[in-house]
Amino acid sequence: MTEDILIAPSILAADFARLGEEIAAIDSGGADWIHCDVMDGHFVPNISFGADVIKAIRPLTKKLFDVHLMIAPTDPYLEAFAKAGADFITVHAEAGPHLDRSLQAIRSLGRKAGVSLCPSTPEAAIEYVLDRIDLVLLMTVNPGFGGQSFIGSQIEKIKRIRTMIGERPIRLEVDGGITRDNAAAVVAAGADTLVAGSAVFRGNSAADYAANIAAIRIAAEAGRVPHLQTSSAERMRVRDGGRIR
């Protein structure tokens, strides 16, 4: 049975003055996960939001919170994000010298662990931690800004990471410039989870967001390939409301 393609809208592109309404709109509009981009103004140029905002919005949806930490250092803040309601906590391989230790810390907090790679970081950076992670997040833009264009050279990198993952139960997520126009190619290369910000929050109504999510999903399904396999139990575990505790 082929694995479900998951769509994880990034709330970085939402209207922060109406953040609760925006989350409700993507929740009802077909989002599988809620992607939370945390930026510190140090590891990346911009500052977004922290654990307190995630804690405030956590009661608004039962969808899984996919928290992407674009911060350095990460370890001092992992517990705060876990307590705030993160289900997945993803750290950058480039953010600190002890990636294995960071992943152990996330697991010890009872959360799923992810590693993110910037476009210029080779996939070899995750070779020795594959058995400690639940998710690889490949950046297809340079992190720090929304609305950037997809870097086409990353398609081959997606393929190489899919090969590295093999039969391990690790999701391969892609973030950066994802639209209905490139979703099929990204999935065909091996991704199973797509983060989209600007392409989802285009328009001004819940109906617009639902249509945008549906369009990305239809395009992504067109790129589905047989090598994405999983059990029905795993599929159910990560679907709507499948928060992991």
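The lining of the largest pocket comprises 11 nonpolar, 11 polar and three charged residues; Ala, Val, Leu, Ile, Met, Phe, Trp, Tyr, Cys and Pro count as nonpolar, Asp, Glu, Lys and Arg as charged, and the others, Gly among them, as polar. The model is predicted: local features need pLDDT of at least 70, side-chain atom pairs count only at pLDDT 80 or more, and totals for chains, interfaces and linings use all residues. Residues are numbered from 1 along each chain as its sequence is written, and side-chain values use heavy atoms, without hydrogens and water.

**Largest pocket**
- Its volume is about 330 Å³ (the space filled by probe spheres set on the grid points; a pocket is an open set of points on a 1 Å grid where a 1.4 Å probe fits, with protein on both sides within 12 Å along at least five of seven lines, and lining residues have an atom within 4 Å of a point).
- Among the 25 lining residues, Gly146, Gly147, Gly177, Gly197 and Ser198 are the closest to the pocket centre.
- Strand E2 (33-39) and strand E8 (193-196) are the elements that give two or more residues to this lining (strands are DSSP E runs of at least two residues, helices H or I runs of at least four, numbered from the N terminus).

**Helices H1 and H7**
- The axes of H1 (residues 19-28) and H7 (residues 206-222) come within 8 Å, crossing at roughly 45 degrees (axes are lines fitted to C-alpha atoms over the stretch in contact, with angles from 0 to 180 degrees between N-to-C directions).
- Glu22, Ala25 and Ile26 of H1 meet Ala206, Tyr209 and Ile213 of H7 (heavy atoms within 4.5 Å).
- This contact has five nonpolar, no polar and one charged residues.

**Cis peptide**
- Ala72 and Pro73 are joined by a cis peptide bond, with omega about 0 degrees.
- Pro73 lies in the loop between strand E3 (64-70) and helix H3 (78-84).
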